[in-house]
Amino acid sequence: MRISRRILAGLATASLAVTATSCGGGGTSGSFDDTVTVGILHSLSGTMAISESTLVDTEKMAIEEINAAGGVKVGGKSYKIEYIVEDGASDWPTFAEKSKKLIDQDGVPVVFGGWTSASRKAMLPVYESKDAFLYYPIQYEAQECSNNIFYTGATPNQQSEPATDFMYKRSPAAGGDFFLVGSDYVFPRTSNTITKAQVKQLGGKVVGEDYLPLGNTEVAPIISKIKKALPDGGIIINTLNGDQNVAFFKQIQDAGITPSSGYYVMNYSIAEEEISTIGPEFLEGHYGAWNYMMSIDTPASKKFAASFKKRWGADRVVADPQESAYNMVYLWKQAVEDAGTFDDNAVREALVGQKFDAPQGPVEVMPNHHLSQTVRIGEINAEGGFTILEETGVVLPQAWNQKHPSSKGFACDWTDPSKGEKYKL
Amino acid sequence: MELLLDSLFNGVAIGSVLLVAALGLAIVFGLMGVINLAHGELMMLGAYTTYVTQLIFKLPILKPFYNSYIIVSIFLAFIVSGVVGILLEKTIIRKLYGSPLETLLATWGVSLILQQFVRSVPLAYGTGLVISLLIGLFLPTTFPSKIKESINFKYFKFSSWIFAALTGVLTGSLISSSVSKLSRASARNVDVTAPSWMRGQVEIIGTAFPKTRLMIIVITLISVIAITLFLNQSAWGMRIRAVTQNRQMSDCLGISTEKVDIITFGIGSGLAGVAGVAVSLLGSVGPNVGGNYIVGCFMVVVLGGVGNLLGTVLASFGIGIMTDLIGAGRLLSIWPDMPLPLTNTINFFATTSMARVMIFALIVIFLQFKPTGLFPQKGRMVEN
């Protein structure tokens, strides 16, 4: 026991040393008047590392681009952006702890970070109590509107609502019944509550729903339920997370639940990155809904994909979360330049109304700290990309969903002190 | 009839995944009493072996045999996980027999190391490392006894390890240069695609069954039969059972308990590897794949009664069938017009999450009445 305690102490020291060295640095050199250090906080280890490391890559790329174009210009001085990368380790309390470190110890004016809703919920109190600012790039369930978080991902009405509408009205299974499948945590449950309300409004029917506990890959009971509820095909809305998708698609294909037999799956968590992991042969003919898809045929989109590949390797892909991460760095830069200072409150005020010509098309920051975005519905093709079928106009974000029973009739507006986080419309 | 068949098949299908995963643990935990938290990671190694084999069979030389890669990978997975298991036993677990708490912590540490290993080491070199371990551990045992008994044996042993290391590095770089996907480390989950003859469904008496599920059932059946025959018919099997029942007495009677421990642990770990092949057919292969199964494995072994293979078999099929009955709400289709409160209760539990809750609750209740599981072991070891 004596020895093991000594070893433990050694291990603790070693892990502290590792933590202490986890810092990054800037990219290009040039002539700058000063530097500004920002924080990047994503999981670089643990289960979420696979997804979140792509965001770190994108954010670094955006920062390098800005530096190469002369940096941030504040008050007649040009600032080179440097960054400190911290590892949230797929562990939600660690996200809060590292946020405190970035704000207090490193004094960064802004933190780009997070992926899972759980990590955001853990960080939120830190940013609110210190009145600091977090930029969060992932499509999520909304029902939250913080003065200290800026959300560049889609809210449900910017992803799932147009998708449900498409499935019920214009997909090959139009008019069919719905079955909802998701992982058992907050995003799928909230998203499905909204979908159920919407399907009811449309006059359709949800014939079943089921949630797979995180980490569980046994899909057999769900398959028998789908077959019982939708004997002749129908619409499946899928909000499963991560590798549960692989199990789901492998097994439903083996069970004969395929587009050729009338079952069409609409996915909210499968982007280009996931298609290549699951294998396009399992996904071909199913659908996805995103703001950004790599196959968007505009110069901005092509340039984004090309520079990412050039920076990180030709086999890499870009997807919606990365585009959101890319946009938020640029929007922060614009807001800082407009505000003429790095001070949180001034930047926050300058941020609302910022417009950016993003890879997905024009986006604009709304008073509820979310982005107005374009929604696209795509069919997954054999090459592992999306064939874009539909494109909405610019959709305004709803921080409080208008179909969810608990938030119907509420909105958020941080520009008007009398309205704030949640006011009645 | 069709419903019953469907339900039974689903139950058996779910149960056989549990069984194949728990079989190795039933031996390691059940017979040896070692709480091996790295069992899931040994499964993960088996799953990665399947992936590597699949990619190697895509090389032009082996392309004609591509369809049979899954069969080959079953044997390879057994060997890979077995070798890693033996190394684990020789280096860590042997020193911790009789101290379950330390074993638990040590094997948990090993499981973290193995997870990070597959994340940060290119699979090609991982394969090379396993090959050097295999040669290094087994080459010395093939030497003629004259050499083994000579005083210079340690030099022979040492030189065979050098040879092993060289072969490992060579195969590692060979694989890494010929299969580009294996040459870089990646934390990304990878995918095993079943060969075409194993995809789709077969019709038996009017009901369609997925072929991969049938394959898993077959793998499970063969593993169970093989291990039962080994334990009951072979000389080593007899020694294993003897040591399990009374270690001191067996030792006195001239059984090398050290060797028995290695063999038992090696076989248990090898079976985890076979389970890895089975689960790779169902989902994706990633560093965390084993962790998803470990709780289920312990649950099956405890419910079945520690140290009893029949108990493990019955427990896993029992849990499988219950999962399907509760999770898919089948009782309602069997008895459609039951009273309303009962219908509501069943519907409440008819989701995958709640079915799991229900099953755990049932197991907890069951263990209140029979704390030693379905088939408790009788013997001196238990009484001590």
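Between chain A and chain B, 16 residue pairs are in polar contact, both residues being at pLDDT 80 or more (a pair of N or O atoms within 3.5 Å, one able to donate a hydrogen and the other to accept it within protein, with residues adjacent in sequence counted only if both atoms are side-chain atoms). The model is predicted, so that local features need pLDDT of at least 70 and side-chain atom pairs count only at pLDDT 80 or more, whereas totals for chains, interfaces and linings use all residues. Residues are numbered from 1 along each chain as its sequence is written, chains are lettered from A in the order in which they are written, and side-chain values use heavy atoms, without hydrogens and water.

On the side of chain A that touches chain B, strand E8 (206-212), helix H7 (220-229), H8, helix H9 (272-278) and helix H10 (280-283) each supply at least two residues; helices (H or I, at least four residues) and strands (E, at least two) are DSSP runs numbered from the N terminus. The most is given by H7(A), with seven residues. This side of chain A comprises 14 nonpolar, 10 polar and 13 charged residues (Ala, Val, Leu, Ile, Met, Phe, Trp, Tyr, Cys and Pro count as nonpolar, Asp, Glu, Lys and Arg as charged, and the others, Gly among them, as polar).

In total, 37 residues of chain A contact 38 residues of chain B, contact meaning heavy atoms within 4.5 Å. The two chains bury about 2900 Å² between them, 44% of it on carbon and sulfur atoms (accessible area, 1.4 Å probe, lost on being put together and summed over both parts). Of the area that chain A buries against chain B, 21% is supplied by Ile50(A), Lys250(A) and Asp254(A), more than by any other three residues.

Three salt bridges are counted between chain A and chain B (a side-chain nitrogen of Lys or Arg within 4 Å of a carboxyl oxygen of Asp or Glu). Arg184(B) forms a salt bridge with Asp315(A), with the closest N and O atoms 3.3 Å apart. Over all chains the count is 29 salt bridges. Within chain A, the side chains of Glu86(A) and Lys101(A) form a salt bridge at 2.5 Å, N to O. Glu86(A) belongs to strand E3 (residues 77-87) and Lys101(A) to helix H3 (residues 92-105) of chain A, so the pair ties together parts 15 residues apart in sequence.
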